[in-house]
Amino acid sequence: MQERWTPSGVRLRQITAGPGRWNWLFVPGGPGLGSESLAGLVETADVPGTVWLVDLPGDGSNRALPTVPHDPYAGWPDVIAEAARAVDDPVMVGHSTGGMFMLSAPELEGLLTGMVLVSSAPHAAWRAMFGNWAEQHPLPQVDAAADQHARNPDDQTLRALTIAAAPWSFTEAELPAGRRLLADLRYCHEAVAWADANFDETFESRWSPRALPTLILSGGEDRVVDQTLWDAEPAFDRPTVLRRRIPGAGHFPWLGDPGAVRSAFADLVDLLDGQR
């Protein structure tokens with residue numbers, strides 16, 4: 001696996017290389033989950049070109065390394081643009097908060113060849129909507145895990161809290177695979193704390209893809225980030241923006257219907273081909 005770091009410590013790890021001119025940059029959600037959370041999406045998407053997993057400095061396992069600055073969060077989220085500048089013909093794929101970071105960095109509009117927003121949102125209203133939904137669908141194990149994390153905020157209590165909340169992120173059919181996915185990740189509670197204090201409540205998209213080939217992809221049963229928010233965003237209603245909602249899939253839609261996810265990425269590749 002080829003690794004490279006940008007000047008501010010963004011890490012790119014090349015995991016596939018095949019025919020095709022595009023460099024696909026997969027940015028994880030959370031934050032704090034790390035790009036390993038997108039390995040299944042990469043395999044499912046099966047896109048032409050070269051694929052990189054991207055971790056911002058201080059996120060996932062991209063910590064305590066000589067390439068990561070002392071204050072890794074100082075440049076968040078704008079530092080994400082460094083990943084796009086590091087490769088030719090970048091197509092950036094952001095899952096959940098990863099997509100929100102992308103929409104918070106207007107410099108990307110002039111750098112990207114294409115964009116994919118998976119289970120993401122155009123602004124922070126999703127948080128209140130999810131909070132209301134979660135109140136109506138309580139999970140007793142979440143309350144206990146949240147209390148533990150509040151009293152001892154570290155990577156292990158964050159892992160326990162995230163796994164306890166898995167039924168909110170996955171449909172019943174997806175849940176066994178979803179729990180396995182979450183159990184294998186590297187968690188980073190410092191990244192979560194930064195987002196909670198500096199990003200989550202105030203996020204609002206700072207740019208929209210005026211002519212950029214874009215895919216907005218989600219599960220029809222996403223309970224975490226309400227996808228109806230896109231319906232009220234005319235800036236994202238353009239001929240070059242594809243909307244794909246996958247029936248029966250949750251917040252990690254590639255677990256629900258990998259064939260439909262692969263088809264959605266293929267539609268974007270066709271759009272990218274037409275832009276040459």
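**Exercise 1.** How do the residues of the lining of the largest cavity divide into nonpolar, polar and charged?

*Solution.* Ground rules before we start: this is a predicted model, where local features need pLDDT of at least 70, side-chain atom pairs count only at pLDDT 80 or more, and totals for chains, interfaces and linings use all residues. Numbering runs from 1 along each chain as its sequence is written, and side-chain values use heavy atoms, with hydrogens and water left out.

Step 1: find the cavity (on a 1 Å grid over the protein atoms alone, a set of points where a 1.4 Å probe fits but cannot get out). Searching the whole structure turns up one of 30 Å³ or more.

Step 2: list its lining (residues with an atom within 4 Å of a point). You get Val27, Pro28, Gly29, Pro31, Val54, Asp55, Leu56, Asp59, Gly98 and Phe101.

Step 3: sort them. Ala, Val, Leu, Ile, Met, Phe, Trp, Tyr, Cys and Pro go down as nonpolar, Asp, Glu, Lys and Arg as charged, and the others, Gly among them, as polar. That leaves six nonpolar, two polar and two charged.

**Exercise 2.** Which helix gives the most to the lining of the largest pocket?

*Solution.* Step 1: a pocket is an open set of points with protein on both sides within 12 Å along at least five of seven lines. Of the 32 lining residues here, Gly30, Phe130, Leu161, Thr162 and Val192 are the closest to the centre.

Step 1: take the helices (DSSP runs of H or I, at least four residues, numbered from the N terminus). At least two lining residues each come from α4, α5, α6, α7 and α9.

Step 2: α4 gives the most, with four residues.

Technical notes. Points joined across faces, edges and corners; volume = space filled by probe spheres on them.
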